[in-house]
Amino acid sequence: MRRLQSMVWMMSTTAAALCSALTATLADAGEQPPAAGLVRWSSEEKAVLASLSLKRLPPVPVDPSNSVEREPGAVELGRRLFEDARLSRNGVVSCATCHDPAKQFQDGLPLSRGVGTGTRRAMPIVGAGHATWLFWDGRKDSLWAQALGPLEDAVEHGTTRARVAREVAQNHRRDYEALFGALPRLEGLPADASPNGSAAEQSAWATIDPRRREDVSRVFANVGKAIAAYEKSLEHAPTRMDGYIEAVLRGDRSGAGLLRADEARGLRLFIGKGQCVSCHNGPLLSDQQFHNTGVPPRDATRPDRGRAAATAAVRGDEFNCLGRFSDARPEQCQELRFMVSDDPALEGAFKTPGLRGVADRPPYMHAGQFAALEQVVRHYVAAPHAAAGHSELTHRHAGAAATKHAERAPIELSEAEIADLVSFLGTLSTPRSAVANQPSVSSSAADGGTAAAYRMGHLELPQGR
Ligand code: HEC
Ligand code: HEC
């Protein structure tokens, strides 16, 4: 995770530099791309294209805070816990309710619905093992700690750790004990007790002996570790864009037909004039960083502070890398120890989402503010002021002074270019037939490890829902 972070940074810096260089070259050339996807790419452009290919995705980084993440038994137990609605307060909500394997592990809703309705959109899970910070605001520092959030969230599973421990003892005892050793004695525990729940649940928690509280919290943490192992086994399948890029790099002219002319022009805009690749970079098309791009809040009276409100949460989280339920040594928690938390740019900033499969999972942004991709692209051109903090995007009418001092030039796109970019985003989906023909999805990634792969995901994907 730590290694990848610096790699992504490198890519992001290089891409940003190339971006402006490219824009200049292209403007000079003024060239019209030929029919089909046959665009001539410069060597700089080819370098950026290569950096987006799924083949370049490194193996999912090892998380030292989770010692079971590579155990096949944990992957299997994690999958069952992920789908287990008995863990929830009302017995009908599971992780899969909001992260449906048939919908790229999200729910297609602007705001997720569990026991109640939340304030943000569910995120797709495949590839999340590559992120240092989880959630739109990054308030968790590992997948296993992340998984514990929804369980005790009042509007998601709405459950408590005491109930989770009992459910595990009743329904998953054998698999749990094979991985983590004997379960503690749970007799006599209050039905619902947690340090995070309602007032009644918190006082029930306070009545439990501290040693037993730790035992229950450890079972709870282990549930997260098994779920994380399962999530890390999910992989992306190659898309049309990947096939096209590999063909371009091989110099295979027939492969260039994988993209239509408008899609190829959109790809060129994505890595050049549109500046998209300065944030959406690397094989997952995300720099895994936080940016304020001025997306209008759903509730204007209560703008979401995003990353700015999350750094204290992750530092104070009992399940973080430095906490007593982590399997890491303190020196393995560099990201948390050196986390940036005092930068004003974090106000109203959200994690750059990966874009694989994006066309098939509207709506968009952290609270599903935009219903269609065209609206998203128009947002970058409009570059509105942010409701909280300052947008990194420069408004094109901001005036010479603003442009001169701003880090980024305004993103200016014609109507035709907006349409091309939207067409390109459609090439980030996996064609159903292509996946079905893959002998083994996992062998295409440099991984070779756990192979639950993405077999459940894209195969079922409803095209253009
Ligand atoms: C009620 C719907 C709901 C349920 C149930 C739910 N989630 Fe989520 N999930 C969300 C929402 C909404 C977000 C984004 C929330 C935010 O950023 O504040 C999210 C974010 C995530 C992320 C972050 C991905 C990333 O790239 O940062 C992961 C991983 C995840 N959920 C896994 C799980 C797991 C595991 C469970 C079960 C233990 C679960 N979720 C249960 C709605 C849900
Ligand atoms: C300054 C960094 C930055 C730039 C430049 C940028 N994006 Fe984004 N993008 C983000 C962030 C951050 C979000 C999430 C914002 C939010 O939810 O508030 C996002 C969200 C998106 C989404 C929605 C994905 C989803 O799952 O909700 C799409 C699509 C997208 N961007 C495409 C583009 C395109 C196309 C361009 C180029 C025209 C571009 N982005 C330029 C950072 C950036």
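Trainee: How many helices and strands make up the secondary structure of the protein?

Mentor: Remember that this is a predicted model. Take the two kinds of element in turn. The protein comes to 18 helices and 2 strands.

Trainee: What percentage of the residues is buried?

Mentor: The protein has 465 residues. A residue counts as buried if 20 or more other C-beta atoms lie within 10 Å of its own. Here the buried share is 46%.

Trainee: What share of the contacts comes from residues 24 or more positions apart?

Mentor: Take the contacts with a separation of 6 or more. Among these, residues 24 or more positions apart account for 75%.

Trainee: Which element gives the most to the shell around ligand 1?

Mentor: The shell around ligand 1 has 30 residues, and Cys95, Cys98, Gly114, Trp136 and Pro150 come nearest. Helices H4 (95–98), H5 (143–152) and H9 (210–232) each give two or more residues to that shell. With 5 residues, the top contributor is H5.

Trainee: How many residues of that shell around ligand 1 are charged?

Mentor: Sort the shell by residue class. It holds 17 nonpolar and 7 polar residues. The charged residues number 6.

Trainee: Which element supplies the largest share of the shell around ligand 2?

Mentor: Ligand 2 is surrounded by 25 residues, the closest being Cys276, Cys279, Val295, Met365 and His366. Two elements give two or more residues to this shell: helix H14 (373–382) and helix H16 (415–425). The largest share, 4 residues, comes from H14.

Trainee: Which handedness does the crossing of H2 and H10 have, and what residues make the contact?

Mentor: The crossing is left-handed. H2 brings Lys46, Leu49, Ala50 and Leu52 to the contact. These residues meet three from H10: Ile245, Val248 and Leu249.

Trainee: How many residues of the contact of H2 with H10 are nonpolar?

Mentor: The contact has no polar residues. It includes 1 charged residue. The nonpolar ones number 6.

Trainee: Is Phe135 buried or exposed?

Mentor: Phe135 sits in the loop between H4 and H5. Its phi is positive, about 85°, although it is not a glycine. Phe135 has 21 other C-beta atoms within 10 Å, and the cut-off is 20 or more, so Phe135 is buried.

Trainee: Why does Gln288 count as buried?

Mentor: Gln288 lies in the loop between helix H11 (261–271) and strand S1 (290–291). It is not a glycine, yet its phi is positive, about 60°. Gln288 counts as buried because its C-beta neighbours inside 10 Å number 23.

Trainee: Where is Pro363 found, and what is the omega of the peptide bond from Pro362 to Pro363?

Mentor: Pro363 is in the loop between strand S2 (350–351) and H14. The bond from Pro362 to Pro363 is cis. Its omega is near -5°.

Terms used:
Residues are numbered from 1 along each chain as its sequence is written. Chains are lettered from A and ligands numbered from 1 in the order in which they are written. This is a predicted model: local features need pLDDT of at least 70, side-chain atom pairs count only at pLDDT 80 or more; totals for chains, interfaces and linings use all residues. A residue is near a molecule or strand if its C-beta atom, placed from the backbone, lies within 6 Å of it. A crossing is left-handed if the near helix is turned anticlockwise from the far one by less than a right angle, and right-handed if clockwise. Two residues are in contact if their C-beta atoms, placed from the backbone, lie within 7 Å. Ala, Val, Leu, Ile, Met, Phe, Trp, Tyr, Cys and Pro count as nonpolar, Asp, Glu, Lys and Arg as charged, and the others, Gly among them, as polar. A residue is buried if 20 or more other C-beta atoms lie within 10 Å of its own, exposed if 12 or fewer, and partly exposed in between; C-beta atoms are placed from the backbone.
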